[in-house]
Amino acid sequence: MNCIVCIEYIIVAVMVLSAIFAVEWGDLLAAVVGMTAVSLFASVLFFFLQAPDVAMTEAAIGAAMSAAVFIFAIKRTQRYESEEEGAGWWLRW
Amino acid sequence: MVKRILAIIMLLIVGFWMANALSGVPFGEDKMLVGKYYLENVKEQTGAVNAVTAVVVNYRGFDTLGEVTVLFIASTGVGALLWRKKKERTAKSEGSVVLRTGSKILLPFIMLFGAYIFIHGHLTPGGGFPGGATIATAFLMLYLAFKDYEIEHKVFEPIEGLAGVGYVTVGLIGLAIGSYFLFDWIWQTWGWGHENIGRLLSAGFIPIIYTLIGIKVGTELTGIVDNMVREEVKDND
Amino acid sequence: MISLYYFGAISLILIGMYAVLVKRNLLKMLVGLSIMETGVNLLLISIGYVSNRTAPILSEGATPQNTVDPIPQALVLTAIVIGVATTALALTVVINLYSKYKTLDVEEIRRLRG
């Protein structure tokens, strides 16, 4: 296993982890930051897959515009997701 | 609780089905059919070095016109749904000194980089869509830094419309000169730039159309940001 | 055994689908949709990849025989920009719903309406 392959495994693992966190975090602002992290790691994977055009677009759109649009919407609505109260994530399952 | 378990069982079924289907699509093998034709003929037929750009603007230019239309309709929808009689910015505090000074210094360089990306779309990775997004990011930075900044609406809206009209006009000139809509008249009829493939002045109408797409994407994303930032002000009397 | 990139793309699609199915908050559903969109884009690009070949930019020694497939890249390039515009449209609908009902919970909104 050469080193590029290790980097690919690590990036896919971190990307899936941040996607899980983005879905499970109750604070919507943190969830949006998790979604942005998914976009950034996907942009690195696009570069590894020999698609530099798509990597540039994903970095510009996914990192800046998408997060900004979500944060403006959160500012005009509410920040915390109101799930069933009084339980951690392990009990909400 | 039951809902989550049912959802997870359904997701496992869908995931198993997708993995099963994708095991018949080998990763990293040559599966090109139309792509091979495009790659072999892209330099003679369009003059572009970047094959992705040639596919987006030249071979599939009509689809790109449709996608720009979808972008325009989405931007118009944002404006229509958030329309209020009186809208103003309601930010209470300015950005920090670092953000304000840095945005003033960096603004021309970010705009220059966006313009570079979409003008050189036929030579280097990039093109109108990432270039326009970069320009929109520059305006987003101004919105974040200054608490009462607004774009010049009287300048932005005509530019946005003119870029779309320009795209259709280039296509209609192709219909008049050649035989079909979005015919590449500069490259195929006039034959300009055949001797300098790989330099800036080549590839027919691809730089023109990508400049128009870049301006359109940039102004429309900026318009979406502008509509979402400004809120309705209620009179307190 | 499927490849690493297919695994990542399918995981992203399933995680996004879980959020859309289970969560009751509208903004969380849109976050899930956005993650799903990234997963679909990654799946398309990884289908077009050919190992040991370079990007489809035919200069400096790249010939048509050693470049990857340009068509999925051209497809995904526009899909990303359209995706953020349609997400913004959906978010404006959510903002209008919040200003009418003062909540983001879908079941609450359904109860209030009916």
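Which residues in the largest nonpolar core touch the most other members?

1. The model is predicted, and the remarks below should be read accordingly. In the largest nonpolar core, which holds 124 residues, Phe205(B), Leu221(B) and Met228(B) touch the most other members. The element that gives the most to this core is helix H3 of chain C (residues 70–101), with 14 residues.

2. Turning to chains A and C, 46 residues of chain A are in contact with 43 residues of chain C. About 3,900 Å² is buried between the two chains, and 76% of that area lies on carbon and sulfur atoms.

3. Between chain A and chain C there is 1 salt bridge. It joins the side chains of Glu24(A) and Lys23(C), with an N to O distance of 3.8 Å. Polar contacts between chain A and chain C number 5 residue pairs, with both residues at pLDDT 80 or more.

4. On the side of chain A that touches chain C, helices H1 (3–24), H2 (28–48) and H3 (52–76) of chain A each supply at least two residues. H3(A) gives the most, with 13 residues. By residue class, this side of chain A comprises 30 nonpolar, 7 polar and 9 charged residues.

Note on methods
Residues are numbered from 1 along each chain as its sequence is written. Chains are lettered from A and ligands numbered from 1 in the order in which they are written. This is a predicted model: local features need pLDDT of at least 70, side-chain atom pairs count only at pLDDT 80 or more; totals for chains, interfaces and linings use all residues. Side-chain values use heavy atoms; hydrogens and water are left out. Contact means heavy atoms within 4.5 Å. Buried area is the accessible area (1.4 Å probe) that two parts lose on being put together, summed over both. A salt bridge is a side-chain nitrogen of Lys or Arg within 4 Å of a carboxyl oxygen of Asp or Glu. A polar contact is a pair of N or O atoms within 3.5 Å; within protein, one must be able to donate a hydrogen and the other to accept it, and residues adjacent in sequence count only if both atoms are side-chain atoms. Helices (H or I, at least four residues) and strands (E, at least two) are DSSP runs, numbered from the N terminus. Ala, Val, Leu, Ile, Met, Phe, Trp, Tyr, Cys and Pro count as nonpolar, Asp, Glu, Lys and Arg as charged, and the others, Gly among them, as polar. A nonpolar core is a set of buried Ala, Val, Leu, Ile, Met, Phe, Trp, Tyr and Cys residues joined through side-chain atoms within 4.5 Å. Buried means under 20% relative accessible area, exposed over 50%, partly exposed in between (1.4 Å probe, protein chains only).
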